[in-house]
Amino acid sequence: MKSCREISKLVSRSLDESLPFWSQVQIKMHFLMCQGCRRFNQQLKFVQHAVRKMCEVKVCLGSQEKLSQPGRERIQKTIDAAKWSYNEKMD
Ligand SMILES: [Zn+2]
C-alpha cells in the first residue's frame, strides 16, 4: 500500500506521462480509501482542464501567441499551492 505522498507524486506524474498499468491500479485503489488524495486529483484535473480550455480558445482565435509569462506563473502557483496545502495536511 502506497503512502499519500507517493500517490500524490504518481498523480502529478500522470498529468505528463501515462503511468504503468499497475501504478494506475494502485492510484485507483488508494482513491477508494482516501478522500484527501481524491480531492488532490480533482484539483489537478481541474487546473489541467482549465489550461487546455485556455489553449483551445487561443487556437480557435488563430493566435500564435503562447501563454503569457504572468499567466504561466499564476497557473504554476495554483498547482504548487494545491500540492503544498495537500502535503501540509498529510505531515
Ligand atoms: Zn491518500
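**Exercise 1.** Determine the order of the secondary structure elements in this predicted model, from the N terminus on.

*Solution.* Step 1: the secondary structure comes to four helices and zero strands. Step 2: read from the N terminus, the elements therefore run α-α-α-α.

**Exercise 2.** Describe how the axes of helix α1 and helix α2 are arranged.

*Solution.* Step 1: two packed helices are described by the angle between their axes and the distance between the axes. Step 2: α1 spans residues 4-16 and α2 spans residues 21-33; their axes come within 10 Å and cross at roughly 125°. Step 3: angles over 145 degrees count as roughly antiparallel, and 65 to 115 as roughly perpendicular. The two helices, α1 and α2, are therefore oblique to each other. Step 4: the crossing of α1 and α2 is left-handed.

**Exercise 3.** Identify the residues that make the contact of α1 with α2, and classify them.

*Solution.* Step 1: α1 contributes Ile 7, Leu 10 and Val 11, while α2 contributes Ser 23, Ile 27 and His 30. Step 2: these residues divide into four nonpolar, two polar and no charged.

**Exercise 4.** Find the members of the largest nonpolar core and the elements that give two or more residues to it.

*Solution.* Step 1: the core has five residues in all, namely Ile 7, Val 11, Ile 27, Cys 37 and Phe 40. Step 2: the elements giving two or more residues to this core are α1 and α3, the latter covering 35-60. Step 3: for the protein as a whole, 9% of the 91 residues count as buried.

**Exercise 5.** List the contacts of Cys 37, leaving aside its neighbours within four places in sequence.

*Solution.* With those neighbours left aside, Cys 37 is in contact with Cys 4, Ile 7, Ser 8, His 30 and Phe 31.

Key
Residues numbered from 1 in each chain as written. Predicted model: local features only at pLDDT ≥ 70, side-chain atom pairs only at ≥ 80, totals over all residues. Axes fitted to C-alpha atoms, helices over the stretch in contact; angles between N-to-C directions. Parallel < 35°, antiparallel > 145°, perpendicular 65-115°, else oblique. Left-handed = near helix turned anticlockwise from the far one by under 90°. Contact = placed C-beta atoms within 7 Å. Nonpolar A, V, L, I, M, F, W, Y, C, P; charged D, E, K, R; others polar. Buried ≥ 20, exposed ≤ 12 C-beta atoms within 10 Å, placed from the backbone. Core = buried A, V, L, I, M, F, W, Y, C linked by C-beta atoms within 7 Å.
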